[in-house]
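Open the model in your viewer and get ready to select a few side chains.

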Amino acid sequence: SAVRAVVGVQARVRRYQQRQAYQALREAALRLQCQWRVVLARRQLHFLRQTSACTKIQAQWRMHRARETYRSAVRAVVGVQARVRRYQQRQAYQALREAALRLQCQWRVVLARRQLHFLRQTSACTKIQAQWRMHRARETY
């Protein structure tokens with residue numbers, strides 16, 4: 001039975017040693033897994049930072065393009081509006097000019113008629129004067 005006691009003690013010692021080795025191996029595996037998770041987390045963080053930077057750059061680029069498109073559209077609209085206003089002003093000016101020309105023409109007609117009337121009266125007076133002078137001249141000779 002002393003042999004059994006020695007075998008039992010040896011078994012306990014081997015079990016203790018195996019348990020210690022297992023615990024050390026387990027802790028090493030856990031540390032290794034933890035380190036690997038840290039590496040993966042850093043990689044993911046780096047990827048997310050790159051992705052975030054890319055997303056920001058893309059957003060800025062899209063904003064730039066949208067702003068340029070908007071400005072181009074505004075320039076086009078302002079140009080069209082200017083042409084329309086120029087056309088409308090030109091039409092109004094031409095209508096006003098034609099009305100002024102018609103008015104000037106009518107006024108010149110009025111002046112010409114007055115002058116014609118005056119000339120006819122003057123001519124009639126001159127004829128009357130000439131007839132009178134001729135009449136007096138015949139009476140005196």
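Select Glu27 and Arg31 to begin: their side chains meet in a salt bridge, 3.9 Å from N to O. The term stands for a side-chain nitrogen of Lys or Arg within 4 Å of a carboxyl oxygen of Asp or Glu. This is a predicted model, where local features need pLDDT of at least 70 and side-chain atom pairs count only at pLDDT 80 or more, while totals for chains, interfaces and linings use all residues. Residues are numbered from 1 along each chain as its sequence is written, and side-chain values use heavy atoms, leaving out hydrogens and water.

Why can these two meet? Glu27 and Arg31 are four residues apart in helix 1 (residues 2-140), so about one helical turn separates them. Helices here are DSSP runs (H or I, at least four residues), numbered from the N terminus. Now colour by accessibility: Glu27 is partly exposed at 44% relative accessible area, whereas Arg31 is exposed at 53%. The classes are buried under 20%, exposed over 50% and partly exposed in between, with a 1.4 Å probe and protein chains only.

Next, select Glu68 and Arg71, which form a salt bridge at 3.6 Å, N to O. They sit three residues apart in helix 1, again about one helical turn. Glu68 is partly exposed at 33%, and Arg71 is partly exposed at 42%. The count of salt bridges comes to two.

Finally, select Trp36, in helix 1. Trp36 is partly exposed, at 45% relative accessibility.

Conventions:
Helix = DSSP H or I, 4+ residues; strand = E, 2+ residues; numbered from the N terminus.
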